[in-house]
Every structure is written in C-alpha cells, then in structure tokens.
Amino acid sequence: METTEAFTGLRCVDCGESFDAEEATHRCPECEGILDPEYDLDALDVSRETFESRRFDSMWRYEELLPFTRESAVSMDEGATALVEAPKLADELGVGRVLIKDEGRNPTGTFKDRGQTVAVTAASQHGASDVALASAGNAGQAAAAYAARAGLDAHVFLPSRSGFTQKAMVNVHGGDMNVVEGRIGDAGAAYEGAMAENPEWYSVKTFVTPYRHEGKKTMLYETVEQLDWEVPDAVVYPTGGGVGLVGMHKAAKELRDLGLTGDLPAMYAAQAEGCAPVVRAFEEGRDVHEPWQNPDTICGGIEIPDPGASPLILDALRESDGGAVATSDQDILDSAVTVAQNEGVEMGATCAAAASGAWELAQRGEFDEEDTVVLLNTGHGSKDDDVLRSHLMSKGI
Ligand SMILES: *Cc1c(COP(=O)(O)O)cnc(C)c1O
Ligand SMILES: [Zn+2]
C-alpha cells in the first residue's frame with residue numbers, strides 16, 4: 001500500500017488494540033469495534049504555510065494527514081469546496097457570521113465523495129475487484145463513480161424510497177444496482193445477505209471501512225484554513241450515521257495537537273424530528289442511542305434509525321461543548337427554500353436540517369452575537385429538486 005509517512009495504522013475505538021493497515025481492513029479483528037486511522041503527529045513537520053502554499057484544488061492537499069498518498073489516490077479532485085458567506089442568514093440568526101460549506105460542488109454533488117475517494121483507494125490498494133455498500137442514495141452514487149474510476153465493480157443496495165437521481169446515476173456509472181423494497185434497514189439486510197455469499201467483496205459501508213470518516217475529516221481542515229486559521233464557534237451538521245461529524249471533530253483535535261489552532265469548534269448534530277436517535281440520546285444524557293422506532297422523514301440522507309457510531313457522535317458533541325437539535329420536515333424544507341431565495345445557495349432537503357437546526361439553536365440562545373457559525377450543505381439542492389418543488393406546491397406556490 002502507498003501509505004503516508006505519519007500514518008501508523010488502525011486503532012480500535014473499543015478495545016484500543018492497534019493493527020497494521022495491510023492486515024486489518026474493516027472492523028476490529030479482536031472485538032468487531034470501529035477502526036480509526038492513527039498518525040504519529042509528532043513526526044510531522046507541517047505548518048500553516050505548508051498548506052497555504054498549495055493550490056486549493058483537492059482535499060488531497062492535506063495528504064500528510066490522510067492514510068494514502070495523493071499520487072496513489074482514486075481521485076477526481078473532490079473537496080476544496082467554497083465556504084460561502086450568508087449575511088442575511090447571519091442577521092436572521094443574530095450572529096456575527098454564517099458561512100455555508102458548499103459540498104454540493106463535489107464530483108457527484110455531495111460530500112460522500114470525500115469518504116469514497118479514500119475508501120475506494122483502500123479497496124484498490126488491497127487488491128479488491130468489487131466494492132459493496134448499502135446506502136440511502138448519495139453514498140451509493142459516489143461509490144459507483146469512484147469504483148468506475150478505479151476499474152472495480154460496485155454493488156449498491158438502495159431502498160426503494162431513495163431518489164431518482166441517485167438510482168439513475170448508479171446505473172450510469174455501470175454499478176450493480178439493487179433496489180430493495182422498504183427503507184435503509186431493508187437495504188442493509190439485503191447487503192448483509194449478499195456479503196455473506198460474496199465474502200471477497202470489499203465493503204465501503206459507513207464505519208465498516210475505517211476510511212470514510214477519514215476522508216470527511218478534510219471538511220474541517222478546509223473550513224479552518226478558509227477562515228484564516230480561525231476556528232468557527234459552531235459547526236452545524238445534518239447527522240445520519242455521523243460520519244462527517246466524527247471526522248470533523250477528529251480533524252479539529254489534530255489541528256490543535258499540531259499547534260495549528262487553539263480551540264475546538266462546538267459541534268452540533270441536526271436531525272429531523274421524525275428520526276432523531278442522536279438528539280434523544282444527547283438530551284437524555286446517554287452514551288449510546290436507542291434505535292428509533294418508525295422513522296419517518298423526507299430527509300433520506302439522515303433517516304438513519306440505528307446509527308452504530310452514536311457513542312463517537314455523542315462524545316464529539318460533549319467534548320466540543322456542542323449540542324443536538326431536531327426540527328420538523330416542514331421547517332427543514334422551509335429553510336431550504338429560504339436559503340435559496342435569500343442567499344442563492346441550493347441546499348438539499350437533508351442538508352437544510354442544518355439551516356433549520358441553526359435557526360432553532362439561535363432561538364434557544366445557543367449562539368453569541370459575535371459567533372461564527374458554519375452550516376454544512378452536505379449535498380446539492382438539485383439532488384432533491386422534486387422534493388423542494390413539491391413542498392412549494394403543497395403551499396399552493
Ligand atoms: C449521508 C448524508 C448525510 C449524513 O451523513 P453522515 O455523515 O452519515 O451523518 C447528510 N446529508 C447528505 C446529503 C447525505 O447524503
Ligand atoms: Zn477492538
């Protein structure tokens with residue numbers, strides 16, 4: 001494998017054992033826990049100038065802090081997305097600045113590309129011929145795209161309610177698409193069955209591969225660098241499995257430990273009221289979620305009733321002095337439309353949970369008037385254009 005210098009291997013978040021990345025590929029061989037890439041940060045000689053001197057052209061410009069070399073990566077120059085000022089929103093919320101990290105500007109239109117570029121690179125370097133995952137839609141589309149680029153076959157399991165765009169594009173990329181009647185749990189069960197029959201398939205599923213949260217880490221590096229190394233006061237993240245939230249929190253600790261920043265941003269998980277296991281666990285002071293019964297939200301990307309990494313998400317919220325917030329689908333869709341009509345930015349329906357959550361947090365007095373608040377627009381509005389349009393129609397517009 002073409003690993004980077006400081007990358008020392010994979011550490012289990014449960015039992016604490018460390019493993020060589022050549023040998024351990026997915027969950028912990030000892031206890032099935034989540035594996036997390038580890039680095040010897042002391043051995044790294046990087047400064048703010050190291051990164052500033054590079055073109056802002058890809059998330060791989062932070063390769064020292066990623067497991068694989070930029071040169072060996074299966075990449076389409078994902079990341080390096082804009083951080084868009086939203087002054088009207090800042091006025092509305094009564095804070096100093098609101099900035100939208102616009103992940104819609106990725107190769108397949110969502111931040112899932114940041115996870116798949118690293119996961120498919122790992123698959124490729126391990127000599128896999130097939131990758132597989134269950135997904136609400138966007139991760140499946142991204143996996144099909146990166147697998148195509150790497151010359152691998154992608155087996156994608158999507159629930160029937162995932163969006164037309166995502167299904168269509170899995171086909172267009174030549175993926176093996178399996179549409180499963182029902183919801184994400186049903187797609188997950190079909191994927192498990194297929195994996196049992198095809199043990200040689202390389203999983204690129206959320207927190208089964210150690211590399212998706214690792215790729216999503218880069219959203220935080222970029223945000224901080226785009227703010228001239230100022231750490232934002234709050235980051236509001238539309239949370240499903242929590243991959244990006246856990247990754248960004250890890251990234252903030254790495255920048256701090258490298259001496260490049262001083263503080264951690266307060267991380268906020270935004271969910272939909274119809275499926276809010278993380279918010280409930282946070283409010284009840286629990287260390288782990290309880291699976292959500294009867295999930296029901298239009299926000300497919302965050303309709304994750306049983307997020308296996310909830311202990312890591314809850315740790316990140318508490319360690320960063322952040323929080324969790326759930327809002328209704330009506331409020332979420334209204335927020336997407338308000339942002340589109342006032343700031344021009346096209347937020348996906350799922351993503352607008354971050355905007356609507358920030359509104360609610362502001363109302364609760366979570367933010368100070370000088371605060372810099374970053375909202376993650378995890379995917380492009382056009383992925384959900386039908387949902388947003390029919391929301392308008394339901395109001396007679
Ligand atoms: C997958 C997805 C999410 C949730 O991401 P996690 O990191 O798993 O919490 C949010 N928004 C969009 C658009 C997504 O596709
Ligand atoms: Zn373990």
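Two strands are taken to pair if DSSP finds at least two bridges between them. In this predicted model, three strands form an open sheet in the order E2-E1-E3, with antiparallel pairing. Strand E2 (18-19) and strand E3 (35-39) are the edge strands, each pairing on one side only. Strand E1 (residues 7-12) runs antiparallel to E3 and is joined to it by five bridges, and Gly-9 has Glu-38 in E3 as its bridge partner.

| Helix | Residues in the contact |
|---|---|
| H12 | Gln-330, Leu-333, Asp-334, Ala-336, Val-337 |
| H14 | Val-387, Leu-388, His-391, Leu-392 |

By class, this contact of H12 with H14 has six nonpolar, two polar and one charged residues.

Helix H13 (residues 352-363) has twelve residues, which at 1.5 Å a residue should span 16 Å, and the 17 Å between its end C-alpha atoms agrees with that expectation. Is H13 mostly covered or mostly open? Ten of its twelve residues are buried, so that H13 is mostly covered; among the buried residues are Ala-352, Gly-357, Trp-359 and Leu-361. The elements covering the buried residues of H13 include helix H2 (87-93), strand E10 (234-238), strand E11 (266-272), strand E12 (323-327), H12 and strand E13 (372-377). After H13 comes Gly-365, with a positive phi near 80 degrees.

Key:
Residues numbered from 1 in each chain as written. Chains lettered and ligands numbered in written order. Predicted model: local features only at pLDDT ≥ 70, side-chain atom pairs only at ≥ 80, totals over all residues. Heavy atoms only, no water. Helix = DSSP H or I, 4+ residues; strand = E, 2+ residues; numbered from the N terminus. Contact = heavy atoms within 4.5 Å. Nonpolar A, V, L, I, M, F, W, Y, C, P; charged D, E, K, R; others polar. Expected span 1.5 Å × (residues − 1). Buried < 20%, exposed > 50% of the residue type's maximum accessible area, 1.4 Å probe, protein only.
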